[in-house]
Amino acid sequence: MDTVAILQHEASQGPGYLLSYLHSQGIACEVIQAAQGQTLPRWISDYSGLVVLGSNHSVNEELPWIAAELELVRQAVALDVPVLGHCFGGQLLARALGARVHRNAWPNIGWSRLWVTPAGRDLFAGQRQATMFNWHHDTFEIPSGAQRILFGSHCLNKGFALGKHLGLQSHLEVTEDSVRAWCRESRDEIAHSLALGHGRTVQSEAEMLRELPARTAELHRLARGVYRHWVQGLRRPQQVHLHGGW
């Protein structure tokens, strides 16, 4: 099937710009919400790629839908079906590849400048730095055989690549509307983090919304390069030559 499966977990953390990009490339998508009770695919080989989005949950929680998604990601890796993980999705991919996911020293919420490693420069148009949107409390270790592609001042491992698979501990897919919605529903979380003295790594709602159109436009410019690279690895149906024509 020439369709990408997208696993969504929260209403405010949808596929956003990623969905728009995939549709612009003529790629069909199926959004599946296992956390809300929808059934996951039995065989990921029926799809050309697998995307796992963010979640308010930790991948270490013992929930049936998390265990089922973990097995689906492992199946995708085993069958060489490209996986793209955003935040929770990147952490789930790291676990599927045998790496540890654990609590970061502090939360990372808001816009922050990250550094692009030499291994990641092709994905980010040769840039050495990139400003990205973040919202996570956990962090992953780099899986064996993978390459770190992003790192930050307050979280070392912000992204990795292993063959066709990409794990990001940031959000390239957010839109202006989704950032606003996320801030609205998470005001208590933001206030609690700031009250605990995490002002260096947690932005206020006002700061996250400052210059939001310009910030998301730049983010989407970066996203196009990363998504373009990932899409090149998708499994596409083979054309069959019949009687001198296609």
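**A pocket, a serine and some aromatic rings**

Strand S6 gives the most to the lining of the largest pocket, with 4 residues, and I would like to begin there, keeping in mind throughout that what we are looking at is a predicted model. How much space lies in this largest pocket? About 210 Å³. Its lining is made up of 15 residues, and those that lie nearest the centre are Ser 55, Asn 56, His 57, His 136 and His 137. If you ask which elements give two or more residues to this lining, they are helix H3, residues 88–96, and strand S6, residues 129–140. Sorted by class, the lining has 7 polar residues, together with 4 nonpolar and 4 charged ones. As for how such spaces are found, rolling a probe the size of a water molecule over the atoms shows where empty space is left.

Let me turn now to one residue, Ser 58, which you will find in the loop between strand S3, residues 49–52, and helix H2, residues 64–78. Is Ser 58 buried or exposed? With a relative accessible area of 14%, Ser 58 is buried, because buried here means under 20%. Its side chain makes a polar contact with the side chain of Asp 138, at 2.8 Å, and the side chain of Ser 58 also reaches the backbone nitrogen of Asn 60, at 3.1 Å.

My last topic is the aromatic rings. The count of aromatic pairs in the model comes to 8, and one of them, formed by Trp 115 and Phe 151, is stacked, with 6.0 Å from centre to centre and 15° between the planes. Why does this pair tie together parts that are 36 residues apart in sequence? Trp 115 lies in strand S5, residues 101–116, whereas Phe 151 lies in strand S7, residues 147–151, and so the pair links those two parts. As for how open these two residues are, Trp 115 counts as partly exposed, at 29% relative accessibility, and Phe 151 likewise counts as partly exposed, at 29%. Elsewhere among the rings, please look for Trp 111, Phe 133, Trp 135 and Trp 182, which ring pairs link into a cluster.

Notes. Residues are numbered from 1 along each chain as its sequence is written. This is a predicted model: local features need pLDDT of at least 70, side-chain atom pairs count only at pLDDT 80 or more; totals for chains, interfaces and linings use all residues. Side-chain values use heavy atoms; hydrogens and water are left out. Rings of Phe, Tyr and Trp (its six-membered ring) pair if their centres lie within 6.5 Å; planes under 30 degrees apart count as stacked, over 60 as edge-to-face and the rest as tilted. Buried means under 20% relative accessible area, exposed over 50%, partly exposed in between (1.4 Å probe, protein chains only). On a 1 Å grid over the protein atoms alone, a cavity is a set of points where a 1.4 Å probe fits but cannot get out, and a pocket is an open set with protein on both sides within 12 Å along at least five of seven lines; lining residues have an atom within 4 Å of a point. Grid points are joined across faces, edges and corners, and a volume is the space filled by probe spheres set on the points. Ala, Val, Leu, Ile, Met, Phe, Trp, Tyr, Cys and Pro count as nonpolar, Asp, Glu, Lys and Arg as charged, and the others, Gly among them, as polar. A polar contact is a pair of N or O atoms within 3.5 Å; within protein, one must be able to donate a hydrogen and the other to accept it, and residues adjacent in sequence count only if both atoms are side-chain atoms.
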